[in-house]
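Let's take a walk through a protein model together. Have the sequence and the 3D view ready, and find each residue as we come to it.

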Amino acid sequence: MLSLLGITLALILDQVSKYFVENGMTYFQRIDLVGGIFGLRYVRNTGVAFGLFKNQEPWLLAFIAIGIVVAIVAASSFHSSKLSRWESFFVGLIVGGALGNNLVDRLRLGHVVDFFELKGFPAIFNFADMCIVFGAALLTLSIYRREKRASRDNSLQS
């Protein structure tokens with residue numbers, strides 16, 4: 001159930017923020033939020049994560065995204081008995097981010113709307129990217145901590 005919440009939260013944050021960027025900014029406009037360090041810049045990404053594989057057919061990238069999402073859902077379903085509620089939520093964030101960026105945007109627009117610009121970071125990104133990255137990082141950390149705790153408990157019982 002929490003995975004559905006993660007998917008829904010990621011999709012809503014992503015699509016609502018992109019709506020406001022598309023309707024409130026002109027293409028390539030920059031709005032500083034924290035000096036020159038962090039701001040908004042409206043760009044269209046025809047590639048995948050962080051602009052890789054630019055100018056590929058949108059349907060091909062959407063098809064690949066669907067395959068990745070199906071693989072993530074299948075793997076998490078297979079291991080669902082081992083996942084904590086938070087881990088299920090993190091999986092939902094990853095899936096929701098992938099659906100928002102690589103399916104909804106590509107099928108609706110033929111590209112992804114990106115707008116977060118961080119000085120020194122090589123790409124402009126969006127909420128869906130953040131959901132994927134933070135979801136994956138938090139899921140990895142949570143599983144690592146759980147496995148480390150289980151290993152420690154097993155060694156104490158021996």
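Predicted model: local features only at pLDDT ≥ 70, side-chain atom pairs only at ≥ 80, totals over all residues.

Among the contacts in the chain with a separation of 6 or more, 65% join residues 24 or more positions apart. Keep that in mind as you trace the chain, whose elements run α-β-β-α-α-β-α from the N terminus on. That comes to 4 helices and 3 strands. Of the 158 residues in the chain, 37% are buried.

The mean pLDDT of the chain is 86, and 84% of its residues reach 70 or more. Confidence is highest in strand 1 (residues 30-34), at 97, and lowest in helix 2 (residues 58-78), at a mean of 70.

Now let's go inside. In soluble globular proteins, nonpolar side chains tend to be buried together. Which residues form the largest nonpolar core here? There are 11 of them: Ile-7, Ala-10, Leu-83, Phe-89, Phe-90, Val-91, Leu-93, Ile-94, Val-95, Cys-131 and Leu-139. Helix 1 (2-24), helix 3 and helix 4 each supply at least two residues of this core, and the largest share, 6 residues, comes from helix 3. Apart from this core lies another one, of 8 residues, including Val-21, Leu-40, Tyr-42 and Phe-115.

Next, look for the aromatic rings. The structure holds 12 aromatic pairs. In one of them, the ring centres of Trp-86 and Phe-89 are 5.9 Å apart and the planes are at 90 degrees, so this pair is edge-to-face. These two residues are 3 residues apart in helix 3 (residues 85-109), which means that about one helical turn separates them. Elsewhere, ring pairs link Phe-38, Phe-115, Phe-116, Phe-121, Phe-125 and Phe-127 into a cluster. A ring can also have a charged neighbour: Arg-41 lies over the face of Phe-28, at 4.6 Å from the ring centre.

Asn-126 has its place in the loop between strand 3 (112-118) and helix 4 (127-157). With a relative accessible area of 0%, Asn-126 is buried. What does the side chain of Asn-126 reach? It reaches the backbone oxygen of Val-113, at 3.0 Å. Not counting residues up to four places away in sequence, Asn-126 touches Asp-14, Lys-18, Asn-101, Val-112, Val-113, Asp-114, Phe-115 and Phe-116.

The other residue, Asp-105, sits in helix 3. Asp-105 is buried too, because its relative accessible area is 0%. Its contacts, again not counting residues up to four places away in sequence, are Gln-15, Lys-18, Gly-100, Gly-110, His-111, Val-112 and Val-113.

Note on methods: Residues numbered from 1 in each chain as written. Heavy atoms only, no water. Phe/Tyr/Trp six-rings, centres within 6.5 Å; stacked < 30°, edge-to-face > 60°. Lys NZ or Arg CZ within 6 Å of the ring centre and 35° of its normal. Buried < 20%, exposed > 50% of the residue type's maximum accessible area, 1.4 Å probe, protein only. Polar contact = N/O pair within 3.5 Å; in protein donor to acceptor, adjacent residues only side chain to side chain. Contact = heavy atoms within 4.5 Å. Core = buried A, V, L, I, M, F, W, Y, C linked by side-chain atoms within 4.5 Å. pLDDT = per-residue confidence, 0-100.
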